[in-house]
Amino acid sequence: MSQSKKKCRQYNVDYLKFGFIPSLSNKQLPLCLICNKVFSNDAMKPSKLEDHLRRCHPDKLDKDLKYFQTLKENLQKRPTLDKMFTLTSQRNDDGFRASYNISLLIAKSGKPHTIGEQLILPTVEEVIKTVLHKPAFDIIKKIPLSNNSVQRRIDEMSDDIENFLCKYLQTTHFSIQLDESTLPGNEALLLAYVRFIMDQNIHEELLFARTLATDTKGESIFHVLRDYFIEKEIPLSNIISVATDGAPAMVGRYRGFISFFKESVPGVLAVHCVIHRQHLVAKNLNERLHESLQFVIDTVNRIRSNALNTLLFAQLCEDNDENFHQLLLHTNVRWLSKGLCLVRFFALFETVLEFLDGRYENLKESLLKRRTDIAYLTDLFAKFNTMNLQLQGDSLNLIKTKSVISAFLARIKMMKQNIGRSEFSQFPNLSQVNCQEDDVPVYVHHLNALYSDFETRFEDILTLVIPQWIINPYGDIEETDISLQEELIGISTNEELKVEFRKGYQQFWLQKDIPATYPGVWNITRKFLIAFPSSYLVERGFSAVTNLTTKKRNKLDIVNRGDLRLNVTKLKPNVDNLLLKHQVHPSH
């Protein structure tokens with residue numbers, strides 16, 4: 001027997017007095033104008049519509065027809081996805097603009113350019129068809145995202161940012177940091193970053209990436225830098241400080257980069273990267289402690305270099321309910337590696353001994369004998385890592401750097417005094433082991449050597465005289481140079497400037513009125529705010545280069561292509577200007 005056909009109810013204009021209109025997507029379904037909820041066709045009855053109004057919107061029962069008519073008109077004027085897609089690409093450059101924006105996202109992610117055509121466009125097409133139930137062809141064809149198109153967009157946006165940056169540097173003072181490294185293809189790459197003030201904020205940007213054609217000597221590095229500045233018409237005299245690592249090619253007295261640079265800019269402030277110096281201090285170990293560290297590294301290598309040992313050790317850690325199931329390898333070139341390796345090793349010390357039992361007896365005995373040394377080194381290098389992290393970051397200036405280094409030097413002095421009295425509260429791991437009296441002089445002697453090495457390597461930072469009025473421009477200025485007192489009095493009585501002081505001394509001095517109104521104090525202050533204390537940004541730049549030049553992208557031209565700049569920049573390209581230079585040709 002055939003089933004009777006279900007009756008389909010139709011909308012009546014009288015239903016508007018209950019606050020209902022036909023759904024915009026399906027005229028046979030009622031839509032509540034108040035809560036925008038769509039009901040089934042069975043609810044298309046006056047009694048049910050009125051019941052909904054009474055139960056869910058009792059405050060609207062006394063509203064007249066005009067009120068609901070207004071709600072209807074407002075709903076119809078509201079933009080919907082249908083209307084959005086109806087109006088899509090009415091402007092001829094919409095697809096082109098999307099191409100630029102998506103290319104910028106690809107560059108930021110460091111992905112291959114082919115991802116635009118292989119993944120992004122198919123994804124957009126799938127969303128439009130599946131979720132929005134719209135034909136995608138007319139939209140997709142207006143967004144050029146081929147491999148070559150993405151590459152051109154990236155290069156154009158990179159050039160736009162570089163041109164803006166260089167034009168700005170032509171008229172302002174800035175600091176620079178640079179370093180060279182070798183790429184997998186044995187090419188010597190030179191990176192340079194700049195720090196400058198713009199819009200009352202400190203900005204840090206990649207200036208250039210250049211290859212060193214012949215050698216990596218200081219003279220060659222200087223010539224590359226000078227040629228770039230000549231090409232971009234940036235005066236070398238605008239540089240107020242330069243930060244490098246401690247390599248002879250950079251800081252050599254006669255043939256180093258700094259010596260050549262000072263011939264052109266005599267008054268420039270040269271800074272040896274404080275993170276590299278801290279790393280050199282951390283290497284200062286006596287023979288016994290160095291031998292103890294080597295036992296740790298040898299143990300880690302024996303376990304991690306063999307696949308079977310790695311699996312067996314992981315299983316043993318799981319059986320012992322350890323928090324970690326793997327040791328960390330030590331790498332000299334990574335600043336935090338030694339500390340992290342020791343912390344993980346000592347956390348798994350008992351499990352390591354258990355694993356070595358019956359396999360490497362001599363190594364096990366050596367570790368047991370040097371257990372206190374390993375505990376001491378673990379605590380000490382954990383403190384080195386904490387200091388290292390404080391010296392990293394974008395906002396570090398000379399004032400903060402001196403504070404961090406002075407504080408750590410004071411801690412070393414206190415640790416030396418405490419450990420000499422067998423007080424190990426600052427060494428949590430060492431306090432848990434049985435430290436013999438013969439061990440204490442070894443650690444005291446080592447801390448003495450560290451203290452002396454620290455004082456020597458950081459002498460320029462520790463003796464750096466920071467005027468107190470930079471930290472507090474509203475303090476006592478009697479001992480200040482007479483030539484500056486008049487300007488400082490003007491600053492201290494300027495109520496408009498005082499508001500920004502609550503945000504900190506750095507934000508206070510970055511106010512746009514200070515350089516022009518108080519040039520004397522500003523010429524002194526800017527050095528402390530703008531100068532790079534380290535070459536951290538360059539090292540981070542080399543990490544970005546490594547991430548970009550993967551095995552599948554090893555032919556990427558880092559120097560001549562814009563991928564690196566867009567990957568690390570915080571500036572935004574002017575897409576509007578770039579669009580004006582092109583005539584739109586949609587994809588076919």
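Tutor: Happy to! The sulfur of C35 lies 3.5 Å from the closest cysteine sulfur, the one in C32, and that is too far for a bond, because a disulfide is a pair of cysteine sulfur atoms within 2.5 Å. By this rule the count is 0 disulfides. C32, in turn, is in no disulfide, its nearest cysteine sulfur being that of C35.

Before going on, a word on the source: this is a predicted model, where local features need pLDDT of at least 70 and side-chain atom pairs count only at pLDDT 80 or more, while totals for chains, interfaces and linings use all residues. Residues are numbered from 1 along each chain as its sequence is written, and side-chain values use heavy atoms, with hydrogens and water left out.

C32 has 1% relative accessibility and counts as buried, whereas C35, at 35%, counts as partly exposed. Here buried means under 20% relative accessible area, exposed over 50%, and partly exposed in between (1.4 Å probe, protein chains only).

Next, visit R195, which sits in strand β4 (residues 188-198); strands (E, at least two residues) and helices (H or I, at least four) are DSSP runs, numbered from the N terminus. At 2% relative accessibility, R195 is buried. Its side chain reaches the backbone oxygen of L396 at 2.9 Å.

Finally, helix α17 covers residues 371-390, and 14 of its 20 residues are buried.

Definitions and conventions
A polar contact is a pair of N or O atoms within 3.5 Å; within protein, one must be able to donate a hydrogen and the other to accept it, and residues adjacent in sequence count only if both atoms are side-chain atoms. The expected span of a helix is 1.5 Å times one less than its number of residues.
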